[in-house]
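Thanks for coming, everyone. Let me put the model on the screen, and then I'll walk you through it.

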Amino acid sequence: MAWFKRKEKGITTPTEAKMDVPKGLWYKSPTGKIVDAEELARNLWVSPEDDFHVRIGSAEYFQILFDDNQFTELDANMTAKDPLNFVDSKKYADRLVDTISKTKLKDAVRTAVGKSKGNDLVVCCMDFAFIGGSMGAVVGEKIARGIDYSIKNKVPFVMISKSGGARMMEAAYSLMQLAKTSAKLAQLADAQIPYISLCTDPTTGGTTASYAMLGDINIAEPGALIGFAGPRVVRDTTGKDLPDGFQTAEFVLDHGFLDFISHRKELKNKINLYIDLILNQDIR
């Protein structure tokens, strides 16, 4: 019965021979539900157990919205500078290099054009993985250029926001992007080109105070955090307890700041439906 007992004391398996479980095989939702990663991806990164919408990035949204995941990225190699020589816990220039290396992203937004349900669509999508999706000069410029492309080619424009707000390392340069993107969206409106704004988790700060709330139709994903200042700041400033669900997409919808909440599975159909209705064309 030697297989019931160890002949030698201790664990003798060498480290390189150990069979560790690879990271990323399972996802645990905030409600404690465990989901297989492959099943989660097949379900458009929505937990089938509790319908929780997992935070995803531009690559996943492009896959959801563009037909056969075919698209052309615009201004793909645009990167930020450090005009203020900003330093906090580390130099901003070094932080940019490290973040680009870790995320394989150039900045916190990507712009792409492709077919969605057969028609051309420009999509600007933010990536929270890049310094919290913070809005700097590159974010503003890429959004502005995406809008310029839409105007020039008469293509509907979609903005997917996912941001902690303005990028403090760029100070006033970051705040200038609120006015810049808002002015560009006014030009888009003058050209009578549809603009759909999608707020995802989280959409806060200067992003909310500018392009995220300026859509012809403003929509959000279920449960997304949407607001300007965070709940703690609002509570401390007002000195009042906040209502249940404060700053969730559902709360914001009830108070008139959103038009619709769209489940991720319906996102492609809903966005194209709204575009067809705005343009008064046949429903695809």
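**Aromatic pairs first**

A search of the whole structure finds six aromatic pairs. Rings of Phe, Tyr and Trp (its six-membered ring) pair if their centres lie within 6.5 Å; planes under 30 degrees apart count as stacked, over 60 as edge-to-face and the rest as tilted.

A word on the source. This is a predicted model: local features need pLDDT of at least 70, side-chain atom pairs count only at pLDDT 80 or more, and totals for chains, interfaces and linings use all residues. Residues are numbered from 1 along each chain as its sequence is written, and side-chain values use heavy atoms, with hydrogens and water left out.

Back to the rings. Phe246 and Phe251 make an edge-to-face pair, 5.5 Å centre to centre with 70° between the planes. Phe251 is buried at 18% relative accessibility, while Phe246 is partly exposed at 22%. The terms here: buried means under 20% relative accessible area, exposed over 50%, partly exposed in between, with a 1.4 Å probe and protein chains only.

Next, Phe260 and Tyr274. Their ring centres are 5.0 Å apart and their planes sit at 15°, so this pair is stacked. Phe260 lies in strand E9, residues 260-261, and Tyr274 in helix H8, residues 267-278, so the pair ties together parts that are 14 residues apart in sequence. Helices (H or I, at least four residues) and strands (E, at least two) are DSSP runs, numbered from the N terminus. Buried or partly exposed: which is Tyr274? Tyr274 is buried, with a relative accessible area of 6%. Phe260 is partly exposed at 39%.

There is also a cluster. Phe62, Phe66 and Phe71 form one aromatic cluster.

Arg55 lies over the face of Phe128, 4.4 Å from the ring centre. The rule for that: NZ of Lys or CZ of Arg within 6 Å of the ring centre and within 35 degrees of the ring normal.

**The sheet**

Now the strands. Seven of them form an open sheet with mixed pairing, in the order E3-E4-E5-E6-E7-E8-E9. Two strands pair if DSSP finds at least two bridges between them. Which strands are at the edges? They are E3, residues 71-74, and E9, each pairing on one side only.

Look at E7, residues 195-203. Eight of its nine residues are buried. On one side, E7 pairs with E6, residues 157-163, in the parallel sense over six bridges. Ser161 has Cys199 in E7 as its bridge partner. From E6 the chain crosses through helix H5, residues 171-190, to E7, and this β-α-β crossover is right-handed. That means that, with the strands pointing away from the viewer, the path from the first strand over the helix to the second runs clockwise.

E7 also pairs with E8, residues 217-220, again in the parallel sense, over four bridges. Cys199 turns up here too, opposite Ala220 in E8. Then E8 and E9 run parallel, joined by two bridges. Ile219 stands opposite Phe260 in E9.

Some background. Most residues other than glycine have a negative phi, and most peptide bonds are trans. Now the exceptions here.

Asp201 and Pro202 are joined by a cis peptide bond, with omega about -5°. Pro202 is in strand E7.

Trp45 has a positive phi, near 60°. Trp45 is in the loop between helix H1 (37-42) and helix H2 (58-65). Trp45 is buried at 16% relative accessible area.

Gln247 has a positive phi of about 70°. Gln247 sits in the loop between helix H6 (231-238) and helix H7 (249-254). Gln247 is buried too, at 7%.

**Helix H3**

Last stop. H3, residues 92-103, has twelve residues. From first C-alpha to last, H3 reaches 16 Å, close to the 16 Å expected at 1.5 Å a residue. The expected span is 1.5 Å times one less than the number of residues.

Which residues of H3 are buried? Tyr92, Arg95, Leu96 and Thr99 are. Seen down the axis, the buried residues of H3 fall within an arc of 100°, so they line one face of the helix. The arc is taken from the directions from the helix axis to the C-beta atoms. Just after H3, Lys104 takes a positive phi of about 60°.

That's the tour. Over to you.
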